[in-house]
Amino acid sequence: MTDNSTPGRLYHVHAGELSDDTAQSASMHRRAAIAGTTVGSTTIWMGETHMAPATCSADHHHGATETAIYVVSGTPRFVFLDHGAEVAIDTAPGDYVFVPPWVPHREENPSPDTEAVVVIARSSQEAVVVNLPRLAALGQVVGQEIHE
């Protein structure tokens, strides 16, 4: 791995050096590239997620963390609520998605046979994932009118 002891230098993390020592969940394999444990970063985390075909994450949010996603391969779908209705963003390689803090969402891989791979950057060293029983804006009662 990279020597983290020298301040004021650049760090090069080779593709084969990504760390599996990060939060994992069923059907999604995460690998850390830029992290406190790999290069000594303190406010940014960056890595990749491989999502198995025909799977989806639980509904969740990332607390106060901002998340940026770059689609490397596959056609992942990102689902969130907009004024009480589910909205799906279908993506393709080269697309970017921004997930603001506290926004409930889920990731899906609708392909029956192709893995989806995304690069993720987040504004926290911690893998903040708060699973939810369903998609709902914070403070919102599901099944009732939304008050903004």
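The legends below describe several close-up views of one predicted model.

In this predicted model, local features require pLDDT of at least 70 and side-chain atom pairs count only at pLDDT 80 or more, whereas totals for chains, interfaces and linings use all residues. Residues are numbered from 1 along each chain as its sequence is written, and side-chain values use heavy atoms, with hydrogens and water left out.

View 1. The chain holds 0 helices and 11 strands, where helices (H or I, at least four residues) and strands (E, at least two) are DSSP runs numbered from the N terminus. Read from the N terminus on, the order of elements is β-β-β-β-β-β-β-β-β-β-β. Of the 148 residues, 36% count as buried, a class that means under 20% relative accessible area, with exposed meaning over 50% and partly exposed lying in between (1.4 Å probe, protein chains only). The accessible surface comes to about 8400 Å², and 56% of this surface belongs to carbon and sulfur atoms; such areas come from the Shrake-Rupley method with a 1.4 Å probe, and for residues only the protein chains shown count as cover. Among contacts (heavy atoms within 4.5 Å) between residues at least 6 apart in sequence, 67% join residues at least 24 apart.

View 2. A nonpolar core is a set of buried Ala, Val, Leu, Ile, Met, Phe, Trp, Tyr and Cys residues joined through side-chain atoms within 4.5 Å. The largest such core has 10 residues, namely Ala32, Ala35, Trp45, Ile69, Val71, Phe78, Val97, Val99, Val118 and Ile120. Strand S5 (67–73), strand S8 and strand S10 (116–122) are the elements that give two or more residues to this core. When residues up to four places away in sequence are not counted, valine 118 touches Gly47, Glu48, Thr49, Ile69, Tyr70, Val71, Val72 and Pro76.

View 3. The partners are tyrosine 70 and tyrosine 96, whose tilted arrangement has 4.9 Å from centre to centre and 50° between the planes. This pair links distant parts of the chain, since tyrosine 70 lies in strand S5 and tyrosine 96 in strand S8, 26 residues apart. Strand S8 covers residues 96–99. Tyrosine 70 counts as partly exposed because its relative accessibility is 31%, whereas tyrosine 96 counts as exposed because its value is 66%. Together with Val72, Tyr70 and Tyr96 form a nonpolar patch on the surface, with about 320 Å² of accessible area together. Patches are made of residues with over 30% relative accessible area and no salt bridge, like charges being joined within 9 Å and nonpolar side chains (Val, Leu, Ile, Met, Phe, Trp, Tyr) within 5 Å.

View 4. The side chains of aspartate 90 and arginine 77 meet in one of them, at 2.6 Å from N to O. Aspartate 90 lies in strand S7 (residues 85–90) and arginine 77 in strand S6 (residues 77–82), so this bridge ties together parts that are 13 residues apart in sequence. Aspartate 90 is exposed, at 51% relative accessible area, while arginine 77 is partly exposed, at 23%. Arginine 77 also forms a salt bridge with glutamate 108, with 3.4 Å between the closest N and O atoms; that pair links strand S6 to strand S9 (residues 105–109) across 31 residues. Glutamate 108 is buried, with a relative accessible area of 13%. A further bridge joins arginine 106 and glutamate 86 at 3.0 Å, N to O, with arginine 106 in strand S9 and glutamate 86 in strand S7, 20 residues apart. Arginine 106 is buried, at 12% relative accessible area. Through shared partners, salt bridges join Asp59, Arg77, Glu86, Asp90, Arg106 and Glu108 into one network.

Definitions and conventions:
Salt bridge = Lys/Arg side-chain N within 4 Å of Asp/Glu carboxyl O. Phe/Tyr/Trp six-rings, centres within 6.5 Å; stacked < 30°, edge-to-face > 60°.
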